[in-house]
Amino acid sequence: MLNLFSLRGLPWSGADGQEKVQLTAAELESLRSELADIEEREAHLKAQLEHIDEILRSARLSGYLYIRSRWTALPGEPAPIDDIDVDDWLPRFVVLHGQCIFFYLCSTDLSPQDSTLLSDVVEVGPLPNFIREDEGTQYSFYILTRQGLRYECSHVSEVQVDTWLSALRTDCKLGSDVEVPNGS
């Protein structure tokens, strides 16, 4: 166990084939303090893991999606440029939990990077499929909020996208007859 603490420079002595380390009282106290810190950190990480586990167990839906966000044009503004060729999709871990959609950088993060209340979602629907290099066809959908923020989401699995669309339509109490809007 002492080898875990990289004890270079401590005096080692051997007697009868057994190696022993000689520590001063200050060095021993330092090791005890370091061990207590490690145990505290371990307990903290276990608590975080249990918290994440509980959220994921109670979540309606969760998984990695590629995400990008766009703002709708305000009245009087020109229509947004066609950005189909812009590859600004970022992988995010998305969790549908309770009355909120949470966007995490990765599945082990404790705090979401962004979130949206389901009551703010005014429209969800499919987007045209597209092809990403080295990943094949991406199936996609969008989530539009009443503030004008549009999350565009994609995944390689059409089933995954259909599951998200169905869950969001149900939880947001939106009909399934939402049309794909013109433009991006």
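In this tour, "exposed" means over 50% relative accessible area, "buried" means under 20%, and "partly exposed" is anything in between (1.4 Å probe, protein chains only). You're looking at a predicted model, where local features need pLDDT of at least 70, side-chain atom pairs count only at pLDDT 80 or more, and totals for chains, interfaces and linings use all residues. Residues are numbered from 1 along each chain as its sequence is written, and side-chain values use heavy atoms, with hydrogens and water left out.

**Stop 1: Arg 146 and Asp 120**

Select these two. Their side chains meet in a salt bridge at 3.2 Å, N to O (a side-chain nitrogen of Lys or Arg within 4 Å of a carboxyl oxygen of Asp or Glu). The pair links distant parts of the chain, 26 residues apart: Arg 146 sits in the loop between strands S8 (136-145) and S9, and Asp 120 in the loop between strands S6 (114-117) and S7 (121-132). Helices (H or I, at least four residues) and strands (E, at least two) are DSSP runs, numbered from the N terminus. Arg 146 is exposed at 52% relative accessible area, while Asp 120 is buried at 17%.

**Stop 2: Glu 152 and Arg 68**

Now pick Glu 152 and Arg 68, which form a salt bridge of 2.6 Å, N to O. Glu 152 is in strand S9 (residues 149-155) and Arg 68 in strand S3 (residues 61-71), so the pair ties together parts that are 84 residues apart in sequence. Buried or exposed, what is Glu 152? Glu 152 counts as buried, at 2% relative accessibility, and Arg 68 is buried too, at 6%.

**Stop 3: Glu 42 and Lys 46**

Head over to helix H1 (residues 25-58), where Glu 42 and Lys 46 lie four residues apart, about one turn of the helix. Their salt bridge has its closest N and O atoms 3.8 Å apart. Glu 42 is partly exposed at 43%, and Lys 46 is partly exposed at 48%.

**Stop 4: the cavity**

How many cavities of 30 Å³ or more are there? There is one, and the largest cavity has a volume of about 60 Å³. On a 1 Å grid over the protein atoms alone, a cavity is a set of points where a 1.4 Å probe fits but cannot get out, and lining residues have an atom within 4 Å of a point. Points are joined across faces, edges and corners, and the volume is the space filled by probe spheres set on them. To see the lining of the largest cavity, select Ile 52, Ile 55, Leu 56, Phe 93, Val 95, Tyr 104, Ser 107 and Asp 109. H1 gives the largest share, three residues.

Key:
On a 1 Å grid over the protein atoms alone, a cavity is a set of points where a 1.4 Å probe fits but cannot get out, and a pocket is an open set with protein on both sides within 12 Å along at least five of seven lines; lining residues have an atom within 4 Å of a point.
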